[in-house]
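Good morning, and thank you for joining.

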Amino acid sequence: MLVLGTGHLSLLALFAWRDVTGWTDSGPWAAVPLSLADGGADRTVETLRNQVTFWAGPGSFAVPLILLGCLVWHLAGRGVVVPAGLGWGLAAWCLVGGVLLVPSPYFAGVVSGALVVLAARRQDRTRRARPPVRHQVR
């Protein structure tokens with residue numbers, strides 16, 4: 001998850017650096033200009049390119065994917081098992097995204113989801129394999 005998210009943002013910075021730095025020159029609303037209905041904002045190639053760059057970068061799911069990866073890493077470091085449902089959801093989302101946007105690295109996200117599911121199942125198996133703890137009364 002961390003690799004996919006940071007890789008996505010890194011590639012955006014590499015290939016669209018001029019657009020991203022142009023946002024700072026043009027002001028905070030340059031990436032996706034706010035226009036209500038036909039409020040006079042002309043659709044030019046430059047504004048469309050800015051919008052595509054925004055939605056491919058900071059507006060994409062890359063940032064939440066990085067945050068989710070950090071959370072899973074933090075929980076795993078503390079011995080807390082992430083629910084398998086999160087892994088199934090991530091795998092399904094990446095599978096559908098990969099089918100809809102071929103070719104793309106979406107399919108690599110299925111691996112992250114599968115690893116979360118496997119970790120949850122492994123934890124369930126070890127819990128069932130342990131004998132119940134019997135406390136002795138003194």
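**Cysteines, a helix and its surroundings**

Searching the whole structure for disulfides gives zero, where a disulfide is defined as a pair of cysteine sulfur atoms within 2.5 Å. Please note that this is a predicted model, in which local features need pLDDT of at least 70 and side-chain atom pairs count only at pLDDT 80 or more, while totals for chains, interfaces and linings use all residues. Residues are numbered from 1 along each chain as its sequence is written, and side-chain values use heavy atoms, with hydrogens and water left out.

Cys-70 is partly exposed at 41% relative accessible area, whereas Cys-94 is buried at 3%. Here buried means under 20% relative accessible area, exposed means over 50%, and partly exposed lies in between, with a 1.4 Å probe and protein chains only.

I turn now to helix H4, residues 62-77. Helices are DSSP runs of H or I with at least four residues, strands are runs of E with at least two, and both are numbered from the N terminus. H4 has 16 residues and spans 22 Å from its first C-alpha to its last, close to the expected 22 Å; that expectation is 1.5 Å times one less than the number of residues.

Which residues of H4 are buried? They are Ala-62, Leu-65, Ile-66, Leu-68, Gly-69 and Val-72. These residues lie on the same side of H4 because they cover an arc of only 165° around the axis, the arc being that of the directions from the helix axis to the C-beta atoms. They pack against helix H1 (2-15) and helix H5 (84-100), with contact meaning heavy atoms within 4.5 Å. After H4 comes Gly-79, with a positive phi near 80°.

The largest nonpolar core has eight residues: Met-1, Leu-65, Leu-68, Val-72, Val-82, Leu-90, Cys-94 and Val-116. H4 and H5 are the elements that give two or more residues to this core, and H4 gives the most, with three. Such a core is a set of buried Ala, Val, Leu, Ile, Met, Phe, Trp, Tyr and Cys residues joined through side-chain atoms within 4.5 Å.

Finally, Arg-49 forms a salt bridge with Asp-19, their closest N and O atoms being 2.9 Å apart. The pair joins helix H3 (residues 45-56) to helix H2 (residues 17-26), across 30 residues. The criterion is a side-chain nitrogen of Lys or Arg within 4 Å of a carboxyl oxygen of Asp or Glu. Arg-49 is partly exposed at 39%, while Asp-19 is buried at 12%.
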